[in-house]
Amino acid sequence: TRTKVGIVGGGPAGLLLSHLLSKQGIDNVVIELRDHETIKNTHRAGILEQQAVKMLTESGVDGRVLAHGDEHEGIDLRFNGESHPLNFPDLVDATVTLYAQNEVFIDLAAARKRDGGDIRYESEVIEAADLKSDTPKIRYKDVSAGADPDVVHEVHCDVLVGADGSRSFCRRAVGQEQGHQDFKIEYPFAWFGILTEAPKSSPELIYANSPHGFALISQRSANVQRMYFQCDPAEKTEDWSDDRIWSELQKRVDGPDGFQLKTGPIFDKTVLGFRSFVREPMSHGNMFLAGDAAHTVPPTGAKGLNLAFADIKVLFEALDSFYATGSRELLDGYSETALKRVWKAQNFSYWMTSMLHTRKDAHPFETKRALGELETVTSSRYGQQYLAESYTGWPHA
Ligand code: DHB
């Protein structure tokens with residue numbers, strides 16, 4: 001196949017780029033390893049910045065995010081057993097929308113199907129070649145049932161986009177000797193995530209710091225809730241009965257106000273490891289990385305999907321300009337432009353993570369210092385605004 005833009009990865013970033021390009025009449029092909037059903041059932045994050053919502057609605061993806069997304073006016077920072085509400089409209093004139101990432105995927109996939117997009121699921125990329133040439137190539141195998149797995153298919157393009165997630169094949173196709181640098185830190189904890197059939201415990205999301213570790217009380221709908229608690233990365237979900245999970249979560253939100261979580265049957269349990277990672281630059285010749293393929297953030301600031309969409313905005317505008325005028329200027333500036341926001345989001349996510357989590361081996365000074373930081377943020381309008389501005393999202397470039 002010959003196309004203009006070859007996109008590896010059919011998650012939200014790859015599909016949104018494909019959608020935007022097609023609207024401008026720029027041919028593209030998306031190669032995705034997993035099948036539609038698998039991606040649809042992969043539970044990820046849930047918070048969209050207003051700008052991310054706009055990218056979906058204004059480009060005509062679907063109005064489902066408006067109809068089914070839940071607008072949130074703030075979050076609750078809970079520490080020392082007390083709740084400290086932040087009100088985003090009051091602080092920074094913005095809100096966020098709770099709309100699960102798999103719903104975003106469903107809408108984008110449906111829009112591509114509706115508009116005749118070329119999305120090749122169950123296609124395993126085996127080579128990304130000639131990245132520095134005018135014709136980068138993707139070689140892949142069709143791994144769907146009944147296909148011949150020995151036949152190698154090729155997509156030749158002008159520009160190759162790696163939107164293939166944190167274990168990105170495209171990123172790894174660039175060798176160590178090729179002048180890039182990876183920046184990475186690991187955390188000594190993970191999140192234990194659950195989905196439960198229960199009513200909402202609180203109108204807003206609760207981010208809790210406690211002596212037992214972090215907890216996040218999030219939501220999915222009136223009768224399905226999403227919650228997480230900080231755990232050891234080696235924790236096994238089999239070792240956690242519903243009762244044990246509920247008592248662990250409750251301990252982390254306990255306080256003199258007597259706040260009680262509303263419980264119910266738990267139908268999904270996952271241990272989610274995380275890290276902070278950035279690949280620089282986010283391009284190599286005519287290959288451009290976007291979203292988790294180029295950077296991952298810890299989940300505490302809800303920035304991952306939003307950051308991927310911000311990359312796509314910059315990259316789409318660069319590609320649009322390239323095809324309209326022939327000028328490479330914006331494409332050549334893509335990495336530098338995108339990385340400014342990436343490092344702001346890295347800083348915010350690292351900050352939220354370290355302020356809210358407790359290290360097992362933490363020095364008591366460090367634990368007290370983090371509480372001092374939470375007190376500083378919540379007792380000052382400027383402090384609250386700093387957090388609210390970052391959480392709701394800086395203006396797109
Ligand atoms: C959710 C996940 C996050 O990482 C976060 O910061 C807020 C909400 C969620 O899955 O609902």
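1. In this predicted model, strand β16 is covered on both of its faces. A215, I217 and Q219 lie on one side and L216 and S218 on the other, and each of these residues is buried. In a regular strand, side chains alternate between the two faces of the sheet.

2. Strand β15 (residues 205-208) runs antiparallel to β16, and 3 bridges join the two. Within this pair, A208 stands opposite A215 of β16. The hairpin of β15 and β16 has 6 residues between the strands, and G213 there adopts a positive phi near 115°.

3. Strand β17 (residues 224-231) also pairs with β16 in the antiparallel sense, over 5 bridges. Here A215 stands opposite F229. The hairpin that joins β16 to β17 passes through 4 residues.

4. Which residues touch the most other members of the largest nonpolar core? They are Y207, L387 and Y391, in a core of 98 residues. Domain 1 (5-72 + 98-184 + 276-352) and domain 2 (186-274 + 360-392) both contribute residues to this core, so the core lies between them. A second, separate core has 18 residues, including C231, I245, L249 and L261. Nonpolar side chains in soluble globular proteins tend to be buried together.

5. Apart from neighbours within four places in sequence, Y207 is in contact with several residues, among them A215 and L216. Its contacts also include I75, D76, L77 and R78, as well as M352, L356 and Y391.

Key: Residues are numbered from 1 along each chain as its sequence is written. This is a predicted model: local features need pLDDT of at least 70, side-chain atom pairs count only at pLDDT 80 or more; totals for chains, interfaces and linings use all residues. Side-chain values use heavy atoms; hydrogens and water are left out. A nonpolar core is a set of buried Ala, Val, Leu, Ile, Met, Phe, Trp, Tyr and Cys residues joined through side-chain atoms within 4.5 Å. Buried means under 20% relative accessible area, exposed over 50%, partly exposed in between (1.4 Å probe, protein chains only). Domain bounds come from an automatic or database domain assignment. Contact means heavy atoms within 4.5 Å. Two strands pair if DSSP finds at least two bridges between them.
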